[in-house]
Every structure is written in C-alpha cells, then in structure tokens.
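Please look through the sequence and the model together before reading on.

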Amino acid sequence: MAGVMNRLKNLDAYPKINDDFYSRTLSGGLITLAFSLVMLILFFSELRLYLHPVTESQLRVDTSRGEKLRINFDVTFPALACSIISLDSMDISGEQHLDVRHDISKRRLDAYGNVIETRQDGIGHTKIENPLQKHGGRLEHNETYCGSCYGAEASDDECCNSCEEVREAYRKKGWAMTDPDIIDQCKREGFVQRVKEEEGEGCNIFGFLEVNKVAGSFHFVPGKTFRQSGFHLQDLLVFQGDSYNISHKVNSLTFGDRFPGVVNPLDGVQWTQETLNGMYQYFIKVVPTEYTDVRGHVIQSNQFSVTEHFEKTEAGRTQSLPGVFFFYDLSPIKVIFTEQHVEFLHFLTNVCAIVGGIFTVSGIIDSFVYHGQRAIKKKMEIGKFG
C-alpha cells in the first residue's frame with residue numbers, strides 16, 4: 001500500500017515548496033492585483049458573450065421560385081396633393097398595375113406638415129342627384145343609373161357611374177382626360193373643386209405592394225398613367241399647371257419584414273427639387289435574406305443597396321415623366337443569418353485559457369521585475385563598496 005502511495009506522489013505535476021523559501025514583494029502584490037482585475041474583466045466579457053446569442057452569416061445561391069415580394073413604403077410629398085398622386089408598379093414578366101389603390105392610405109398635409117385628413121385612396125363616391133344617363137337624358141325615378149363613358153366604353157352595355165370609372169375607361173383606351181369639367185360624373189362629385197381645394201397641400205402616402213419576385217419598378221407620379229403607342233403617358237390635369245414639385249422624403253422603405261440588425265439605406269432620406277419637372281430615380285439592388293433567431297423562428301426578408309439619379313423632364317419627351325421612380329433588381333445570392341448561443345464547453349475552454357494565460361503572463365512579468373530589481377540592487381551595492 002505504501003508503495004502505491006509513493007508512486008502517486010511521484011505523479012504529482014505540481015511539486016510544493018516549503019513556506020520558508022517564499023519571498024513576497026511589493027511589486028508582486030501590485031502585479032497580482034492588476035492582473036486579477038484584467039482576469040475579471042476578460043471573464044465577465046466571455047460570460048456576456050456566452051449569455052447573449054451571436055449571429056453567424058453565410059452565403060448561398062437563392063433557389064426560391066414563384067414567391068411574392070412585399071414592398072412596404074411610407075413616402076411624404078410636401079408639395080403634391082393627395083388627389084393627384086397615383087402609384088403604379090410593373091415587372092419584367094409583363095405584369096403591371098396602374099393607379100394601385102388597394103392597401104394604400106393617404107394623409108393630407110398642410111404647408112407645415114400637419115395632418116389634415118387620413119383616408120383610403122380614392123376621391124369619393126358618386127352622388128346620385130339627377131345624374132346624366134348614358135342615353136343622354138336625366139335619371140328617372142324608375143330607371144337604373146348607367147352613366148356614359150364618353151366614347152371609352154369597351155362594350156355597349158358598359159356603364160361609368162363615377163368620375164374614377166370614366167378616368168379608368170379613358171386609361172384603358174389610352175386617352176388622357178384633360179378636362180374633367182365636361183364629365184358629368186366629375187362635376188357632380190366635385191372632383192375638380194376638391195382637387196383645387198387641395199392645391200398647396202402635401203401628401204403622405206403609405207402602405208404595401210405584393211409583387212412578383214422578379215426585377216421590376218414602382219413609381220409615384222402626378223396624374224393617372226396610361227399607355228399609348230408603347231409609351232407610358234400621364235393625364236396631367238390642366239388645372240394643375242405645367243410643373244410639379246416632386247420633392248419628397250422616404251420615411252421608410254423595406255422589402256419584406258424587418259429583422260434585428262437590418263439597416264435600410266433609404267429610411268429618412270429627403271430630396272428637395274431645385275429645378276422644374278424631372279424624374280427622381282432610385283436604382284435598388286435587393287439581396288434576399290433569411291434570419292433565424294435563437295428560438296428557431298425564421299424571418300424571410302431582404303436587404304438592399306441603392307444609387308440615386310435625377311433626370312430633367314424635357315418638353316416633348318414621352319419617355320420622361322415627372323415623378324419618383326424605384327427600380328429594383330434581385331441578387332442571385334442569398335444571405336443567411338443564424339442566431340445561436342455559444343456552447344458551454346466552448347465557454348469553459350475560453351475561461352480556462354483566460355485564467356491560465358493571465359497566470360502565466362503575470363508570472364513571467366513578476367519574475368522579470370523581481371530579478372531586475374535584484375540586479376539593480378546588487379550593482380548599487382557593488383558601487384557603494386567599490
């Protein structure tokens with residue numbers, strides 16, 4: 001038994017020194033105190049990293065197909081009235097939506113930016129007050145109302161019962177409705193009067209679009225967009241003048257849901273127009289992004305970068321329309337962020353490395369200081385007796 005105990009003693013990698021051989025110094029105490037403080041700082045830093053999740057990123061080819069892309073926007077136009085702003089979207093697949101109204105809201109703003117009214121997009125409803133019928137006469141008591149489309153009917157039985165329906169029929173024909181005063185529906189609804197009442201006001205338009213996940217564009221323009229001879233034109237209402245101030249502020253713009261840490265470069269961006277009519281263009285590169293939090297919840301979203309360009313609108317150029325245009329293209333590379341905790345064994349390994357490393361380094365420095373002091377003291381003594 002004694003032999004076994006002796007063998008265990010021989011395996012001791014930490015031989016002990018008798019207390020009589022220890023020499024405690026002031027420098028050693030200061031070094032111990034300083035490095036103990038450093039050790040505590042590093043320990044709590046490692047503990048914080050362990051308790052809080054870290055985010056790892058990787059890149060993959062985006063193989064998703066047939067998905068929809070949600071564009072959330074909030075844009076303020078301080079010098080354009082809500083009644084004349086329309087929103088259009090189109091993509092390279094050929095799908096287009098002109099004068100989008102669903103999921104869109106507008107806030108009328110006064111000259112100081114205060115909200116006057118919040119409403120869903122649209123001018124109003126038809127007032128049935130002895131309206132003009134399609135056949136030219138006035139509505140009788142026993143008749144059903146069927147308003148004229150003023151030559152823009154797609155079929156003989158089509159009716160246009162509101163100013164907006166007449167404008168839509170004109171748009172489908174590729175016509176511009178430049179004088180609403182001659183349209184009975186617009187006069188009865190007070191369309192012209194309402195637009196004139198909003199002169200000098202601004203507009204905050206916000207909502208979202210659901211578009212195909214392909215390259216495309218959407219834009220805010222004054223008037224209603226229609227196509228003629230392959231070009232996009234606008235029925236810029238004659239009572240609004242020939243120039244439009246498209247100064248604007250992008251309060252927020254996101255492609256998909258927000259996720260922790262995302263930075264959208266257009267949030268809060270403001271531009272003031274200093275010349276006459278023009279197109280302000282944003283060219284956006286959308287990067288598909290997937291974010292998985294520590295609980296395993298997955299957020300499918302996007303990041304984007306942007307460049308900006310302003311182009312003056314020249315008279316006679318049908319390709320150049322006043323407005324704010326957002327052109328977006330999608331990257332084939334997908335960024336994947338994964339939020340996860342550091343493993344306990346990894347944390348334990350780092351703590352041991354901190355303790356052992358600090359202990360070793362402090363020992364080296366203490367030994368260097370101690371032997372340096374002894375050498376200096378010895379030389380001073382030799383010089384004193386020499």
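## Terms and ground rules

A polar contact is a pair of N or O atoms within 3.5 Å, where, within protein, one atom must be able to donate a hydrogen and the other to accept it, and where residues adjacent in sequence count only if both atoms are side-chain atoms. This is a predicted model, in which local features need pLDDT of at least 70 and side-chain atom pairs count only at pLDDT 80 or more, while totals for chains, interfaces and linings use all residues. Residues are numbered from 1 along each chain as its sequence is written, and side-chain values use heavy atoms, with hydrogens and water left out.

## The surroundings of N72

N72 sits in strand β2, which covers residues 68-77; strands (E, at least two residues) and helices (H or I, at least four) are DSSP runs, numbered from the N terminus. A polar atom of the N72 side chain lies 3.3 Å from the backbone oxygen of G256, and the side chains of N72 and R70 are joined by a polar contact of 3.0 Å.

If neighbours within four places in sequence are left aside, N72 is in contact (heavy atoms within 4.5 Å) with G207, F208, S252, L253, T254 and G256.

## Confidence along the chain

The predictor's confidence in each residue is given as pLDDT, from 0 to 100. The protein chain has a mean pLDDT of 80, and 80% of its residues reach 70 or more. Confidence is highest in strand β11 (residues 248-255), at a mean of 95, and lowest in strand β10 (residues 231-234), at 47. Over residues 122-128 the pLDDT is below 50, and this stretch has 17 contacts in the model beyond near neighbours in sequence.

## A span from the record

An unreviewed UniProt entry lists residues 21-44 and 344-370 under "transmembrane region"; its positions are given in the numbering used here, feature names are shortened, and annotations may be inferred rather than shown by experiment. In the model, residues 344-370 are 100% helix and 0% strand, with their end C-alpha atoms 39 Å apart.

## The largest pocket

On a 1 Å grid over the protein atoms alone, a pocket is an open set of points with protein on both sides within 12 Å along at least five of seven lines, whereas a cavity is a set where a 1.4 Å probe fits but cannot get out; lining residues have an atom within 4 Å of a point. Grid points are joined across faces, edges and corners, and a volume is the space filled by probe spheres set on the points.

The largest pocket holds about 620 Å³ of space. Of its 17 lining residues, the closest to the centre are G28, T32, S362, G363 and D366. Helices α2 (26-51) and α6 (344-385) are the elements that give two or more residues to this lining, and α2 gives the most, with seven residues.
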